Amino acid sequence: MQASKPSVAAGGGGRATFALHAVAALACLCALNWLVATKVPLHIQMLETSYLIFFYHFPSAILCTVFFTINAVFSVFYLATQKPSYDLHARVFAEIGLVACCIALATGSVWARMAWGEWWSFGDPRLLWVAIMCLSYAAYVVLQQFMEPGERRMRYAAVFAVAAAINVPLVKYAIQFFGENQHPMEMTSSDSSLKGTQWFGAFAFLLFYLLVYRWRIAKEKVRASIESSLSAARRIEEGRLA
Amino acid sequence: MTVPLPSPQPQRSFWNAYRALVRWDWVREMKRKDTVVSMVLFSLVTLMILAFAVDPRSLLSEEVRSGILWVTLLLASTIGIDRAFRGDDQAAVLEGVLLAPVGRVSFYYAKVTATYLYVGIMALIVLLVFCWLYNVSGLDASQFAKLVGVILSTVFGVVVLGVPLSAMTRSIHGGEVLLRILMLPLLFPLFRGAVLATEQVFRHEPIDSQALFMIAAFDVIYLFAGQLLIEHVLADFEG
């Protein structure tokens, strides 16, 4: 009986659902572009059209904190049960969270240039806190690069993830703690259609990031399968030589 | 006739192990003095370099002084934390302790106490040198006591976070660099609170309660997080 061949594109549920997922994510991102281009009024802000980047900045900013929180939950599960699958999910959520955080910082920086006239402002506590959170999770990824794959790496990564997660809620409360706010708090609260576009954007980006998540999980499973085959072959070879 | 075995006394064994480990670390440091001396020398060099890095007129500003003091203390304290688990004698003792029936938690608290002693002594020496070099004057006894309180409580936060991370990076190739990469971003809330509180002491103003809350919350949260996580960090000790 032949073992089923792992597929990079398949993720957890086969090629067909992966393709469907990809099409849905692409369609939602196109729909978001259309909404931003045609349905969002340009006269509500003093910043002319620069605030339109908000509909791309907000989804990544909110989703990165969600992904980091999920990373912490999986890390706690790993420490409690020592199941390697929890480590894999924690690692991939941290990676896509880091990508989302970088996108949020990059779009925020472009917007800051248009709105405040500078690429970066150290006077804004939330911006600073998001950058620090980004560095913490970059350190999480670096920790895994420094170590050989194995149980110890999983355990240390989970320990660090729990320690780093304590910073995540502070992103929300940074402005309350340290004031000096330049950051827009309730950008679209006055207009329900804008709020709808804002949350549709979050949904579209969520589909996109989950697509990346499925692809990474599938890739890691292929790698694990190759590594286990190689180690089995090595054991057989060693047994034959002995 | 069978002799009854003595009942285990976990509370007593916790304190015995704690005292023995702190004493061992302290005696070792008093003999060598390498950790405190290297931290203080590094701090002096950093204080001088930072004084050259900025406009001399800006050194009169409380914000700049507070920032310079904390950058120096933070970088110097990473040396002491890194050395908490590094070195041949540390590895041998760690191996012996972890083979003995000593709880990981008492080991964690002993390491935190010993490391806090060195880093705290270094911080107080650096504070005195800083006040002399940067002409900090006009602080009365109560303000100076507040400044010492802010420094010691912040250093405690640095140590409770740093000790588990130091234990993690002790046997990783390039662990010295990795420790700083892991530790410094997580210290940001504490650093921010400490800089604000110190700046307010330099200005002769009352310390903002939010800054103090940030420092105290960080200390308590990471102390208990460290106590919970140290079991996992030391689960498979490899000297």
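In the predicted model, the contact between the two chains draws on 22 residues of chain A and 21 residues of chain B. On the side of chain B that touches chain A, at least two residues are supplied by each of α6 (141-169), α7 (175-186), α8 (188-202) and α9 (209-233) of chain B. Helix α9(B) provides the largest share of this side, with seven residues. By residue class, the side of chain B that touches chain A comprises 16 nonpolar, three polar and two charged residues.

Within chain A, helix α4 (residues 125-146) packs with helix α5 (residues 151-165) at an angle of about 170°, and the axes of these two helices lie 10 Å apart. Because angles over 145 degrees count as roughly antiparallel, α4(A) is roughly antiparallel to α5(A). The contact is formed by Ser136(A), Tyr137(A), Tyr140(A), Leu143(A) and Gln144(A) of α4(A), which meet Arg153(A), Tyr156(A), Ala157(A), Phe160(A), Ala161(A) and Ala164(A) of α5(A). Of the residues in the contact of α4(A) with α5(A), eight are nonpolar, two are polar and one is charged.

As to confidence, the predictor assigns the complex an ipTM of 0.84 and a pTM of 0.84. Chain B has a mean pLDDT of 85, with 92% of its residues at 70 or more. Within chain B, confidence is highest in α6(B), at a mean of 93, and lowest in helix α4 (residues 88-99) of chain B, at a mean of 71. Helix α6(B) is also among the helices that each supply at least two residues of the side of chain B that touches chain A. Where pLDDT is low, the predicted coordinates should not be read in detail.

Notes
Residues numbered from 1 in each chain as written. Chains lettered and ligands numbered in written order. Predicted model: local features only at pLDDT ≥ 70, side-chain atom pairs only at ≥ 80, totals over all residues. Contact = placed C-beta atoms within 7 Å. Helix = DSSP H or I, 4+ residues; strand = E, 2+ residues; numbered from the N terminus. Nonpolar A, V, L, I, M, F, W, Y, C, P; charged D, E, K, R; others polar. Axes fitted to C-alpha atoms, helices over the stretch in contact; angles between N-to-C directions. Parallel < 35°, antiparallel > 145°, perpendicular 65-115°, else oblique. pLDDT = per-residue confidence, 0-100.
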